[in-house]
Amino acid sequence: MDKCVICVAPHTSNWDFIIGKLAYLSIGRQAGFLIKKSWFFFPFNLIFKLMGGVPVDRDRRTDLTDQIVERFNSKERFAIAITPEATRKRNQEWKKGFYYIALKANVPIVLAYLDYGKKEVGLSRTVIPTGNYEEDMVIIKNSYRNVTARHPQNFAL
């Protein structure tokens, strides 16, 4: 798939990033990723930027959705991994950005998972956003029902 938003869940550990990035690279694919701005300090900022990291300032409202959509529009191939939980702590209210980026950019959402119970990383399915956020999120969240997080107490659907 040349363009897609990769919805990565569950996200309860910093190991999720390392394992997920290595797994995606192992199948010959590259993807950018959103990461909180506080991780962008020297020398990590150089490493994350080189790896495709996009800093997110969670304290400010920005036009990040439109910026990422513009990247989709200006490139032949582009994928970005986003953890909708937006934190490693328990969060039942997933952020909507990944969904609206895919909708505005007219690209599919690929559901990626890290299942520590099965010791498995994978891509489970592709969802084409319809514009009906509530209905689409039922499908998306149901895809993660039987996935075991590294810290299960921190994963909420």
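1. Val-8 stands opposite Ala-112 in β5. The model is predicted.

2. β1 also pairs with β4, again in the parallel sense and over five bridges. Here Lys-3 stands opposite Phe-78 in β4.

3. β1 has seven residues, and six of them are buried, so the strand is largely enclosed by the rest of the structure. In a regular strand, side chains alternate between the two faces of the sheet.

4. The largest nonpolar core holds 30 residues. Val-5, Phe-72, Phe-98, Ile-109, Ile-140 and Tyr-144 have the most contacts inside it. Two or more residues of this core come from each of β1 (3-9), β3 (53-56), α3 (64-74), β4 (78-82), α4 (97-105), β5 (109-115) and α5 (133-142). The largest share, five residues, is from α4.

5. Look at Phe-98. Leaving aside residues up to four places away in sequence, Phe-98 touches Val-5, Cys-7, Ile-82, Pro-84, Ile-109, Met-137 and Ile-140.

6. Another core, of 14 residues, lies apart from the largest one. Ile-6, Val-8, Phe-33 and Ile-35 are among its members.

7. Now the aromatics. The count of aromatic pairs comes to 11. Ring pairs join Phe-17, Phe-33, Phe-41, Phe-44 and Phe-48 into a cluster.

8. Two lysines sit over rings. Lys-96 lies over the face of Tyr-133, 5.0 Å from the ring centre. The charged end of Lys-141 sits over the ring of Trp-94, at 5.0 Å from its centre.

Definitions and conventions. Residues numbered from 1 in each chain as written. Predicted model: local features only at pLDDT ≥ 70, side-chain atom pairs only at ≥ 80, totals over all residues. Heavy atoms only, no water. Phe/Tyr/Trp six-rings, centres within 6.5 Å; stacked < 30°, edge-to-face > 60°. Lys NZ or Arg CZ within 6 Å of the ring centre and 35° of its normal. Core = buried A, V, L, I, M, F, W, Y, C linked by side-chain atoms within 4.5 Å. Buried < 20%, exposed > 50% of the residue type's maximum accessible area, 1.4 Å probe, protein only. Helix = DSSP H or I, 4+ residues; strand = E, 2+ residues; numbered from the N terminus. Contact = heavy atoms within 4.5 Å. Pairing = 2+ DSSP bridges.
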